[in-house]
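Dear colleague,

I am passing on the structure below, and after it I set out what was found. Please read the notes with the model open beside them.

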Amino acid sequence: RRVLFRSQAYALKAIETGAQRAQQMIRDLLSYSRADNQSLNVTSFDLRELVEEIKEDFQGLIRQYKAQVDTFGDNPIFADRSLMKHVFQNLIQNAIVYSRPEEIPKIKVVAESKSDGFMYIEVSDNGMGIAEQDLELVFRPFKRLDKKTPGTGIGLAICSRIIERHGSK
């Protein structure tokens with residue numbers, strides 16, 4: 001029979017946590033690589049349906065924070081649906097997790113066709129926001145503004161790559 005002392009238990013927990021972070025980092029690096037290397041499969045899809053699917057995926061998180069996620073605007077969207085799902089999942093999840101503690105998170109996804117032939121999509125929220133001097137920083141890999149919350153700092157970098165691959169910024 002083995003007896004663990006408190007310091008040994010803490011050490012084992014730290015090793016376990018480190019291994020979990022390393023696994024998450026590997027998964028995120030693979031996603032980052034795929035965002036650049038996966039061939040685009042551009043199709044027409046309904047943005048509202050995609051956001052409803054994401055809301056279903058995040059129903060526990062949405063319920064926990066009492067978040068409101070609404071979609072407005074034009075359809076259809078012409079893009080790689082699976083890559084766009086990744087973008088909207090990340091943006092919606094960040095908007096919920098980084099909301100102001102005293103407010104219910106409110107996220108809006110708005111799509112608008114313009115006369116130049118492009119579809120403009122805006123995701124906005126009432127969260128804590130990002131300081132202007134940090135706007136470029138948050139889209140770089142491994143750059144995180146909030147070191148207290150879990151994450152690898154690669155989610156928004158993946159979003160940026162996917163958006164750039166679709167010919168936008």
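**The sheet and its surroundings**

Strand S4 (residues 106-113) and S5 pair in the antiparallel sense over seven bridges, where two strands count as paired if DSSP finds at least two bridges between them, and where strands (E, at least two residues) and helices (H or I, at least four) are DSSP runs numbered from the N terminus. This is a predicted model, in which local features need pLDDT of at least 70 and side-chain atom pairs count only at pLDDT 80 or more, while totals for chains, interfaces and linings use all residues. Residues are numbered from 1 along each chain as its sequence is written, and side-chain values use heavy atoms, with hydrogens and water left out.

Within the pairing of S4 and S5, isoleucine 107 stands opposite aspartate 125 in S5. Both strands belong to an open sheet of three strands, in the order S2-S4-S5 and with mixed pairing. Its edge strands, each of which pairs on one side only, are S2 (68-73) and S5 (119-125). From one strand to the next the twist averages 10 degrees. Helix H2 (residues 47-57) packs on this sheet, touching S2 and S4, and its direction makes about 170 degrees with that of S2 (angles run from 0 to 180 degrees between N-to-C directions, and axes are lines fitted to C-alpha atoms, for helices over the stretch in contact).

Threonine 71 lies in strand S2 and is buried, with a relative accessible area of 16% (buried means under 20%, exposed over 50% and partly exposed in between, with a 1.4 Å probe and protein chains only). Leaving aside neighbours within four places in sequence, threonine 71 is in contact, meaning heavy atoms within 4.5 Å, with Leu47, Arg48, Val51 and Val109. Glutamate 52, in helix H2, is partly exposed at a relative accessible area of 44%. Glutamate 52 and threonine 71 are 19 residues apart in sequence, and their C-alpha atoms are 8.7 Å apart in space.

**The helix pair**

Helix H4 (residues 81-97) and helix H5 (residues 155-165) pack at an angle of about 140 degrees, with their axes 9 Å apart. H4 and H5 are therefore oblique to each other, since angles under 35 degrees count as roughly parallel, over 145 as roughly antiparallel, 65 to 115 as roughly perpendicular and the rest as oblique. Residues that meet across this pair include Leu83, Met84 and Val87 in H4, and Leu156, Ile158 and Ile162 in H5.
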